[in-house]
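Subject: Handover of a structure and summary of findings

Dear colleague,

Please find below the structure that I am handing over to you. My notes on what was found in it follow directly after.

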Amino acid sequence: MIFLDAAATTPVRREVLDAMWPYLMGGFGNPSSHHTIGESAAAALAGARSAVAAVLGCRQGEVVFTSGGTEADNLAVKGIALARQAADPQLNRVAISAVEHSAVAESARYLERFHGFTVDVVPVDATGRVTPEALAGALHPETALVSIMYANNEVGTIQPIPALAQLARARGIPFHTDAVQAAGWLPLDTRTLGVDAMSISGHKLGAAKGCGALFVKSRTRLEPLVHGGGQERGRRSGTENVAGAVGLATALTLARDRQAEQQARVAALRDRFIQQVLAEVPGAILTGHATDRLPSVASFCFPGTSGESVLLELERRGVVCSSGSACAAGSDAPSPVLTALGFSAEVAQTAVRFSFDASVTQEDLDAAAAAVGAAVAGVKNLGAGQSR
Ligand code: PLP
């Protein structure tokens, strides 16, 4: 089986599991307990926080561990917008891009439904990019928060975050970015990016599912969403997932240390794969930006097919991939991301995404490209047979 669905999730890396193991077994303590077992868990958590802060270029107190990317996005979008609205009731708009993950988009809709916010959706161009001009056009004196993702999960397009963040912050508006797909591939230094908040998730980069983090810059007002014992400096109550945090820190550190080499190698493999698929499948369309895209994502539309049928044909040939966002899987609605890029609903439902982790090889991708050619031809033949 060739697994080309790493944007959905990745296996836990050996080094990550080794780092987590002690905190699941002998070092199982509750970091809030005042005995040696608890204190050693608290020390492990502090070490993990310090390692995450080093990768994000921030202070340890600016890292909030969460249960993953979805929670980090919810905490950023709702937590910052509600805190700003509480301080100034005029601040009742949020601006998000048209291609956000549902964790951001649905958080914004929640603010609209229950807290009187207006959501300003910033359009993207045909490559999926938000231009500074488009963002500027969506900002208002009442804007409480801007949230624009670093890299898109369906088409891999990378946003010009430093320019966008600067634009918002020059107007005193906090800027959040969902870096769940970017983590492991792109620089994560929050000072260079110039962001006020940034979400990451462990399972996209070789840590376990159910762990993530939100960077929140000091002095950014944040209303907690989960109330209880006041852990994470009151910003996210609940007994901390110590092993998860240690795993996240290990995976992030490993990814940072190997980033330059892996990025170049995987980007070269991606480009070769894209060329092969475009040659194998007449009429195939590469979706997203041609160059400003994640090294790990190659996404296409195959007009005249259905993405779901291509997936089935590919799986029969030993290649596992996805028709878009794993979270939207099973939904018949065309991808809002592809429709925002200007694709018709008919073409959008022919989308297939191939995504890789750093272990991907040229042999795998060569075999996968050949399988794509055969799978698409198979689906088209079937369609032609049925319409006869
Ligand atoms: N944001 C993006 C861009 C994602 O791709 C995902 C997962 O697919 C998430 C957020 C949600 O992360 P998690 O699965 O950790 O909740």
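How do the residues of the shell around the ligand divide into nonpolar, polar and charged? There are 3 nonpolar, 8 polar and 3 charged residues in that shell. In this division Ala, Val, Leu, Ile, Met, Phe, Trp, Tyr, Cys and Pro count as nonpolar, Asp, Glu, Lys and Arg as charged, and the others, Gly among them, as polar.

Please note that this is a predicted model, in which local features need pLDDT of at least 70 and side-chain atom pairs count only at pLDDT 80 or more, while totals for chains, interfaces and linings use all residues. Residues are numbered from 1 along each chain as its sequence is written, and side-chain values use heavy atoms, with hydrogens and water left out.

The ligand site

The ligand is surrounded by 14 residues, of which T70, D178, Q181, S201 and K204 are the closest; a residue is counted as near when one of its heavy atoms lies within 4 Å of the molecule. Helix 3 (residues 69-87) supplies the largest share of this shell, with 3 residues. Helices (H or I, at least four residues) and strands (E, at least two) are DSSP runs, numbered from the N terminus.

Polar contacts are pairs of N or O atoms within 3.5 Å; within protein, one must be able to donate a hydrogen and the other to accept it, and residues adjacent in sequence count only if both atoms are side-chain atoms. A polar side-chain atom of Q181 is 2.8 Å from an oxygen atom of the ligand. For S201, an N or O atom in the side chain is 2.6 Å from a ligand oxygen atom. A polar side-chain atom of K204 likewise lies 2.6 Å from an oxygen atom of the ligand. On its own the ligand has 390 Å² of accessible area, and the protein covers 90% of it. Accessible areas come from the Shrake-Rupley method with a 1.4 Å probe; for residues, only the protein chains shown count as cover.

The protein as a whole

The protein contains 12 helices and 12 strands. Its radius of gyration is 21 Å, close to the 21 Å that the globule rule gives for 388 residues, so the protein is as compact as a globular protein of that length. The radius is taken over C-alpha atoms, and the rule is 2.2 Å times the number of residues to the power 0.38. Along the principal axes, the C-alpha trace spans about 70 × 50 × 35 Å.

Of the 388 residues, 55% count as buried; buried means under 20% relative accessible area, exposed over 50%, and partly exposed in between (1.4 Å probe, protein chains only). The accessible surface of the protein is about 15,800 Å², and carbon and sulfur atoms account for 54% of it. Among contacts (heavy atoms within 4.5 Å) between residues at least 6 apart in sequence, 76% join residues at least 24 apart.

The loop between strand 8 and helix 8

R219 is found in the loop between strand 8 (212-216) and helix 8. Although R219 is not a glycine, it has a positive phi of about 70 degrees, and it is exposed at a relative accessible area of 82%. R233 belongs to the loop between strand 8 and helix 8; its phi is positive, near 55 degrees, in a residue other than glycine. R233 is exposed, at 68% relative accessibility.

A polar atom of the S237 side chain lies 3.4 Å from the backbone nitrogen of G229. Leaving aside neighbours within four places in sequence, S237 is in contact with V226, H227, G228, G229, G230 and Q231.

Two further buried residues

L314, in helix 9 (residues 307-316), is buried with a relative accessible area of 0%. Its contacts, neighbours within four places aside, include V319, C321, V352 and F354.

R293 lies in the loop between strand 9 (285-286) and strand 10 (297-301) and counts as buried at 3% relative accessibility. The R293 side chain reaches the backbone oxygen of H289 at 3.1 Å.

With kind regards
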